[in-house]
Amino acid sequence: MQEAGHAPAVAAGPGDGRSSRWQSHREERRRELIKSARRAVHALGSDASMEDIAAAAGTSKSVFYRYFGDKAGLQQAVGEVVLSQMQRRIQEAAQSAVTPREGLLAMVTAYLQMASTSPNVYTFVTRHAAAEPATTQDPDPAAGSAALGHFFEAVADMIATPMRSHLGDGKEAVIGYWPKAAIGLVRNAGEQWLSTPDSPIKPGQEAMARQITAWLCVGIAPELPRLSAPEA
């Protein structure tokens with residue numbers, strides 16, 4: 001008999017264990033699908049459809065829709081994995097540098113190396129998905145760009161750190177604007193370089209990294225004379 005004033009003990013039902021195992025299974029399955037999608041995009045190209053990706057993964061596109069909602073959801077999921085790996089690699093590169101310029105060069109080099117490992121995957125996770133006939137739901141640009149936004153914000157913070165120590169106190173107004181401008185330069189130059197077909201005039205990866213770093217540190221044409229002040 002239950003004693004007065006004491007609540008009955010709640011025993012864990014057999015369903016709790018099954019629920020935990022099912023959740024673990026879903027998470028593992030989701031990771032497998034992300035890996036499969038990454039391999040498929042690497043092989044098929046950034047324009048691969050959900051049907052193409054599912055076929056390469058040996059399953060149906062309805063499975064991908066069940067786990068990711070739509071193509072934008074899949075892009076976000078793959079992007080979270082890919083961009084977090086890029087962020088860690090860039091951070092590791094920055095930590096090994098001695099001077100601010102070496103730090104910038106190391107980070108730009110790491111960015112180009114990671115992006116060029118699979119330009120198809122990089123493009124897949126850094127652009128919005130187009131709506132596919134198989135779904136009536138329009139892709140959400142905000143969802144697709146969330147991981148990308150966090151990635152470039154983190155990199156902007158990383159490249160600002162060495163420049164703060166290099167410029168010293170009193171330069172916060174400059175530093176406040178420079179990281180975002182620098183990220184725009186690195187990203188746009190890097191993506192144009194990635195999309196440029198190989199040719200004798202295309203810079204190699206190391207040369208491109210050094211050129212971007214030079215643009216960040218000294219500008220496009222430091223040898224040009226300063227503009228003369230306008231006459232009064």
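How much accessible surface does the protein have, and what share of that surface belongs to carbon and sulfur atoms? The accessible surface comes to about 14,400 Å², and 54% of it belongs to carbon and sulfur atoms. Accessible areas here come from the Shrake-Rupley method with a 1.4 Å probe, and for residues only the protein chains shown count as cover.

Some notes on the rest follow.

1. **Ground rules.** This is a predicted model, in which local features need pLDDT of at least 70 and side-chain atom pairs count only at pLDDT 80 or more, while totals for chains, interfaces and linings use all residues. Residues are numbered from 1 along each chain as its sequence is written, and side-chain values use heavy atoms, with hydrogens and water left out.

2. **Confidence.** pLDDT is the predictor's confidence in each residue, from 0 to 100. The protein averages 81, and 77% of the residues score at least 70. Helix H2 has the highest mean, at 95, and H7 the lowest, at 73. Please keep two stretches in mind. Over residues 1-10 the pLDDT stays under 50, and the model has two contacts for them beyond four places in sequence. Residues 133-139 are also below 50, with 11 contacts in the model beyond near neighbours in sequence. A contact means heavy atoms within 4.5 Å.

3. **Overall make-up.** The protein has nine helices and zero strands, so defined as DSSP runs numbered from the N terminus (helices: H or I, at least four residues; strands: E, at least two). Of the contacts with a separation of 6 or more, 70% join residues 24 or more positions apart. Buried residues make up 36% of the 232 residues; buried means under 20% relative accessible area, exposed over 50%, and partly exposed in between (1.4 Å probe, protein chains only).

4. **The nonpolar core.** A nonpolar core is a set of buried Ala, Val, Leu, Ile, Met, Phe, Trp, Tyr and Cys residues joined through side-chain atoms within 4.5 Å. The largest one holds 57 residues, and Ile53, Phe64, Leu74 and Tyr111 touch the most other members. H7 gives the most to this core, with 10 residues. In general, nonpolar side chains tend to be buried together in soluble globular proteins.

5. Within H2 (residues 50-57), Met50, Ile53 and Ala54 are buried. Seen down the helix axis, the buried residues of H2 fall within an arc of 95°, so they line one face of the helix; the arc is that of the directions from the helix axis to the C-beta atoms. The face turned away from this buried side carries exposed Glu51 and Ala55. Leaving out residues up to four places away in sequence, Ile53 touches Ala37, Ala40, Val41, Ala48, Phe64, Leu74 and Phe124. Glycine 58, which follows H2, has a positive phi near 75°.

6. **Helix H3.** The buried residues in H3 (residues 61-68) are Val63, Phe64, Tyr65, Tyr67 and Phe68. Just after H3 comes glycine 69, with a positive phi of about 85°.

7. **A buried glutamine.** Glutamine 75 lies in helix H4 (residues 71-95) and counts as buried because its relative accessibility is 5%. A polar atom of its side chain lies 2.9 Å from the backbone oxygen of arginine 127. For reference, a polar contact is a pair of N or O atoms within 3.5 Å; within protein, one must be able to donate a hydrogen and the other to accept it, and residues adjacent in sequence count only if both atoms are side-chain atoms.

8. **Threonine 126.** Threonine 126 sits in the loop between helix H6 (119-125) and H7, and is buried because its relative accessible area is 13%. The side chain of threonine 126 reaches the backbone oxygen of tyrosine 122 at 2.7 Å. Setting aside neighbours within four places in sequence, threonine 126 is in contact with Leu148, Arg187 and Glu191.

9. Aspartate 157, in helix H7 (residues 141-167), is exposed, with a relative accessible area of 54%. Valine 174, in helix H8 (residues 172-195), counts as partly exposed at 46% relative accessibility.
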